[in-house]
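Student: I have a chain open and want to talk it through. Can you put it up and take my questions as they come?

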Amino acid sequence: AARLDALLAHAEIKVQGGTSLYRYVEFDDAPHFFDHCGHRGIALRDFAGRPRALRIGLPGAEPDWSRLARALDEWKEATP
């Protein structure tokens, strides 16, 4: 979970809570981030009625961590 926290912090996405298996985040661009990740094969959980909220699960294998890290880097570069 600390590794995921570090990746999210690098992308300037603040963790609001979670467990050892996932992190809960809320921010204004969450719907766009949800789409951004989905186009890269990364499944996140969104919440009906809470468009600013997402749940991000810990990746399983090293290639999944790499894919998430790339997606977060791309997000950070594209976000003003």
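**Working through the chain**

Tutor: This is a predicted model. To begin with contacts in the protein chain between residues at least 6 apart in sequence, 54% of them join residues at least 24 apart.

Student: OK. How many helices and strands does the protein chain have?

Tutor: There are three helices and four strands. Along the sequence they follow the pattern α-β-β-α-β-β-α.

Student: On to the strands. In which sense do β1 and β2 pair?

Tutor: Antiparallel, over three bridges. Strand β1 covers residues 15-18 and strand β2 covers residues 22-26. They form a hairpin, with three residues between them.

Student: Which residue in β2 stands opposite Gly17?

Tutor: Tyr24 does.

Student: How many bridges join β2 to β4?

Tutor: Five, and β2 and β4 run antiparallel. In this pairing, Arg23 stands opposite Ile56 in β4.

Student: Stay with Arg23. Is it buried or exposed?

Tutor: Arg23, in strand β2, has a relative accessible area of 12%. The cut-off for buried is under 20%, so Arg23 counts as buried.

Student: What is joined to its side chain by a polar contact?

Tutor: The side chain of Asp5, at 2.6 Å.

Student: Which other residues does Arg23 touch?

Tutor: Leaving out residues up to four places away in sequence, the list includes Ala1, Leu4, Asp5 and Leu8. Val15, Gly17 and Gly18 are also among them, as are Leu54, Arg55 and Ile56.

Student: Change of topic: helix α2. Which of its residues are buried?

Tutor: Ala30, Phe33, His36 and Cys37. Seen down the axis of α2, these buried residues fall within an arc of 115°, so they line one face of the helix.

Student: Why would residues three or four places apart point the same way?

Tutor: An α-helix has 3.6 residues a turn, so residues at that spacing point the same way.

Student: Then what covers the buried residues of α2?

Tutor: The cover includes β4, residues 50-57, and α3, residues 62-78.

Student: Take His36. What does it touch?

Tutor: His36 touches Ala71, Glu74 and Trp75, not counting residues up to four places away in sequence. His36 lies in α2, which spans residues 30-38, and its relative accessibility is 10%, so it counts as buried.

Student: Which side chain reaches the backbone oxygen of His36?

Tutor: The side chain of Arg40, at 2.7 Å.

Student: Where does Arg40 lie?

Tutor: Arg40 is in the loop between α2 and β3, the latter being 45-47. With a relative accessible area of 31%, Arg40 is partly exposed.

Student: And which residues does Arg40 touch?

Tutor: Arg67, Ala71 and Glu74, again not counting residues up to four places away in sequence.

Student: What separates the C-alpha atoms of Arg40 and Arg70?

Tutor: A distance of 9.3 Å, while Arg40 and Arg70 are 30 residues apart along the chain.

Student: Last topic, backbone angles. What is phi of Glu12?

Tutor: Phi of Glu12 is near 60°, a positive value in a residue other than glycine.

Student: Where is Glu12, and is it buried or exposed?

Tutor: Glu12 is in the loop between α1, residues 2-10, and β1. Its relative accessible area is 64%, and Glu12 is therefore exposed.

Methods: Residues are numbered from 1 along each chain as its sequence is written. This is a predicted model: local features need pLDDT of at least 70, side-chain atom pairs count only at pLDDT 80 or more; totals for chains, interfaces and linings use all residues. Side-chain values use heavy atoms; hydrogens and water are left out. Helices (H or I, at least four residues) and strands (E, at least two) are DSSP runs, numbered from the N terminus. Buried means under 20% relative accessible area, exposed over 50%, partly exposed in between (1.4 Å probe, protein chains only). Contact means heavy atoms within 4.5 Å. Two strands pair if DSSP finds at least two bridges between them. A polar contact is a pair of N or O atoms within 3.5 Å; within protein, one must be able to donate a hydrogen and the other to accept it, and residues adjacent in sequence count only if both atoms are side-chain atoms. The arc is that of the directions from the helix axis to the C-beta atoms.
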